[in-house]
Amino acid sequence: MDAKGICRIGVFYDGSHHARAQKYFYHERDIGWLRFGPFHGLIERFIAQTEQGFSTYKVVYAGWFQGISTSPKLTEEQLRFDRNLTHDLMHAGIEAKFLPMSESQGEKGVDVALTVDALQTGLDGKIDIAVLVTGDGDFVPLVRALMKNGIRVAAAYFEFQERDGRKSFINERLLNAANYAVNLNLLETNKDFKTMFLGMFRKVEH
């Protein structure tokens with residue numbers, strides 16, 4: 001196949017945003033554990049419907065960015081979650097970029113690490129589209145920098161409310177800045193994506 005016919009997709013995970021959605025679907029919705037391979041397949045399908053002119057669509061790179069606490073601060077459940085997450089990332093071929101958490105300031109430097117990686121990947125000509133899995137408005141300058149250099153940007157985000165009232169959403173500035181945006185939760189009821197959405201989850205014992 002002619003390489004020019006391939007739309008190369010890079011997926012950049014704001015780890016805290018995605019991990020929160022994983023826990024929501026697993027604990028509160030009891031749908032199952034959100035898997036990365038089928039998730040990338042859904043992203044490829046969405047891009048194929050929105051981006052024209054390519055014969056095939058493929059995630060060719062993915063990076064995960066998240067702050068991580070020191071072991072003495074974690075519960076047994078948190079340690080098990082982190083171990084399972086690392087295992088899943090390895091098997092999905094996602095490059096994990098964990099940064100140490102600050103005791104006083106919490107997660108610091110994650111946005112910068114994601115931004116640098118996305119810019120380097122884009123400017124090196126390795127991707128045609130960058131998918132940012134986040135709702136954080138701090139990434140608006142990254143979106144504009146990528147678009148300035150010919151990289152189209154999709155914002156993929158989870159929008160839901162947890163039992164305790166906390167909400168996951170996308171910042172309006174990010175929503176308006178990106179070329180495309182997809183509320184992943186809405187795909188559950190979309191006739192074109194419902195089967196793929198449900199196929200992203202595997203049932204596991206609590």
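Is Arg-166 buried, partly exposed or exposed? Arg-166 is partly exposed, having a relative accessible area of 46%. That value lies between the limits used here, because buried means under 20% and exposed means over 50%. The model is a predicted one.

**Salt bridges**

Arg-166 pairs with Glu-162 in a salt bridge, and their closest N and O atoms are 3.3 Å apart. Glu-162 counts as buried, at 9% relative accessibility. The pair belongs to a network in which salt bridges with shared partners join Arg-20, Glu-162, Asp-164 and Arg-166.

Across the whole structure, the search finds eleven salt bridges. Three of them are listed here, including the pair just described.

| Salt bridge | N to O distance |
|---|---|
| Asp-128 and Arg-8 | 3.2 Å |
| Arg-152 and Glu-51 | 2.4 Å |
| Glu-162 and Arg-166 | 3.3 Å |

The side chains of Asp-128 and Arg-8 meet in a salt bridge. This pair links distant parts of the chain, the two residues being 120 residues apart. Asp-128 sits in the loop between helix H4 (110-123) and strand S5 (129-133), while Arg-8 is in strand S1 (residues 6-14). Asp-128 is buried, with a relative accessible area of 16%, whereas Arg-8 is partly exposed at 26%.

Arg-152 forms a salt bridge with Glu-51. Arg-152 counts as partly exposed at 24% relative accessibility, and Glu-51 counts as buried at 7%.

**Nonpolar cores**

Which residues of the largest nonpolar core touch the most other members? They are Ile-9, Tyr-13, Ile-47, Val-131 and Phe-158, in a core of 41 residues. Helix H2 gives the most to this core, contributing six residues.

Val-131 shows how such contacts are made up. Leaving aside residues up to four places away in sequence, Val-131 touches Ile-9, Gly-10, Val-11, Phe-12, Ile-43, Ile-47, Ala-154 and Ala-156. Two of these partners, Ile-9 and Ile-47, are also among the core residues that touch the most other members.

Methods:
Residues are numbered from 1 along each chain as its sequence is written. This is a predicted model: local features need pLDDT of at least 70, side-chain atom pairs count only at pLDDT 80 or more; totals for chains, interfaces and linings use all residues. Side-chain values use heavy atoms; hydrogens and water are left out. A salt bridge is a side-chain nitrogen of Lys or Arg within 4 Å of a carboxyl oxygen of Asp or Glu. Helices (H or I, at least four residues) and strands (E, at least two) are DSSP runs, numbered from the N terminus. Buried means under 20% relative accessible area, exposed over 50%, partly exposed in between (1.4 Å probe, protein chains only). A nonpolar core is a set of buried Ala, Val, Leu, Ile, Met, Phe, Trp, Tyr and Cys residues joined through side-chain atoms within 4.5 Å. Contact means heavy atoms within 4.5 Å.
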